[in-house]
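Visitor: I am new to this structure, and I would like to learn how its features are read. Could you take me through them one at a time?

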Amino acid sequence: MSLEAFTSYLSIEKNYSSHTVKAYQKDLTEFKKYCLRIYDLKVIKDVEYTLIRSWVVSLVDAGISNRTINRKIASLKGYYKFLQKIGVLEKNPLAKHKALKTEKKLEVPFSEIEMDKVLKQIPFEDDFEGVRNKLMIELLYATGMRRAELINLKVHDINSTRTTIKVLGKRNKERIIPLLSSMSLLFNSYLLRRSEIELQEELPFLFLTKSGHKLYETLVYRVINKYFSMVSPKIKKSPHILRHTFATHLLNKGADLNAVKELLGHSSLASTQVYTHNNIAELKKVHLTAHPRNKE
């Protein structure tokens, strides 16, 4: 069965992003090459679990992390589920596979002090890129949106009357996020400078490069890393850490978990609860400071 049929299924029926589909393609192509090179097997639907297990062992021996291996196996498992769905395969060879153990990743959010330093103390250039970069940081922190969501924002997604922004999330699921009224001046300043950029083509996207093209992922990462490296010693400084910071700060201030879930665009509370460990840490701090028994 052609891998193209599976990737079309992921794109059209599952509404996966092009980035996710490419990741699936890469993992499956890699496995296909392994089957051909080691076992001279061209049709990967016919493999048995022992062969897959040998691939896993080869990945471990190559120093690939358990987390990455689990992702590759998840891609393969999804492919076999698809073959079952369309009646090509009766049994999924990975049905009883257990994921490799991984260490829990603890992502440390930026502190409120670090956020204040970036947004209030760092002098952003008063030109297109400077205003754009500050707006990007403000927007990521104020809304908790994903990097891909930021990149795909369109000018008409901003509702200045209602001070809201429409975000297209995973699986093409839309959500409306309120905007801080204090951001209106920054938005206006950026839109004015954006109108002066010479576009390579008519683009509806809110954020552009200075040469008039659509923003791209590595540029967003570089912007975040550049400014936060000036104020924070944390190892990881990325757009996702800003999303993490948004959720953590809201929960620390007493925001309802369900409300944060909706703002983040999570489909279940389980996804949102990864941020609560910071909230618990803050509660412990308050508890130790305020509880009468701690004074004794």
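Guide: Let us begin with a term: a residue is called buried when its relative accessible area is under 20%, and exposed when that area is over 50%. Please keep in mind that this is a predicted model. With a relative accessible area of 14%, Tyr 9 is buried, and Phe 6 is buried as well, at 1%.

Visitor: How is a pair of aromatic rings described?

Guide: In general, one gives the distance of the ring centres and the angle of the planes. In this model the count comes to 13 aromatic pairs. For Phe 6 and Tyr 9, the ring centres are 6.4 Å apart and the planes lie at 25°, so the pair is stacked, since planes under 30 degrees apart count as stacked.

Visitor: Where do Phe 6 and Tyr 9 sit relative to each other in helix H1?

Guide: As a general idea, an α-helix has 3.6 residues a turn, so residues three or four places apart point the same way. Phe 6 and Tyr 9 are three residues apart in helix H1 (residues 3-13), which separates them by about one helical turn. Both also belong to one aromatic cluster, whose other members are Tyr 16, Tyr 24, Tyr 79, Tyr 80 and Phe 82.

Visitor: Which residues of helix H5 are buried?

Guide: In H5, which spans residues 112-121, Glu 114, Met 115, Val 118 and Leu 119 are buried. Seen down the helix axis, the buried residues of H5 fall within an arc of 115°, so they line one face of the helix. Ile 113, Lys 120 and Gln 121, on the other side of H5, are exposed.

Visitor: Against which helices do the buried residues of H5 pack?

Guide: They pack against helix H6 (128-143), helix H9 (217-228) and helix H10 (239-252).

Visitor: And how should I read the strands?

Guide: In a regular strand the side chains alternate between the two faces of the sheet. Here strand S1 (residues 158-159) pairs with strand S2 (residues 164-168) in the antiparallel sense, over two bridges, and Asn 159 has Thr 164 in S2 as its bridge partner. Their hairpin has four residues between the strands, and Thr 163 takes a positive phi near 50°.

Visitor: How many bridges join S2 and strand S3?

Guide: S2 and S3 (residues 174-178) pair over five bridges, again in the antiparallel sense, with Leu 168 standing opposite Glu 174 in S3. This hairpin has five residues between S2 and S3, and in its turn Arg 171 has a positive phi of about 60°.

Methods. Residues are numbered from 1 along each chain as its sequence is written. This is a predicted model: local features need pLDDT of at least 70, side-chain atom pairs count only at pLDDT 80 or more; totals for chains, interfaces and linings use all residues. Side-chain values use heavy atoms; hydrogens and water are left out. Rings of Phe, Tyr and Trp (its six-membered ring) pair if their centres lie within 6.5 Å; planes under 30 degrees apart count as stacked, over 60 as edge-to-face and the rest as tilted. Buried means under 20% relative accessible area, exposed over 50%, partly exposed in between (1.4 Å probe, protein chains only). The arc is that of the directions from the helix axis to the C-beta atoms. Contact means heavy atoms within 4.5 Å. Two strands pair if DSSP finds at least two bridges between them.
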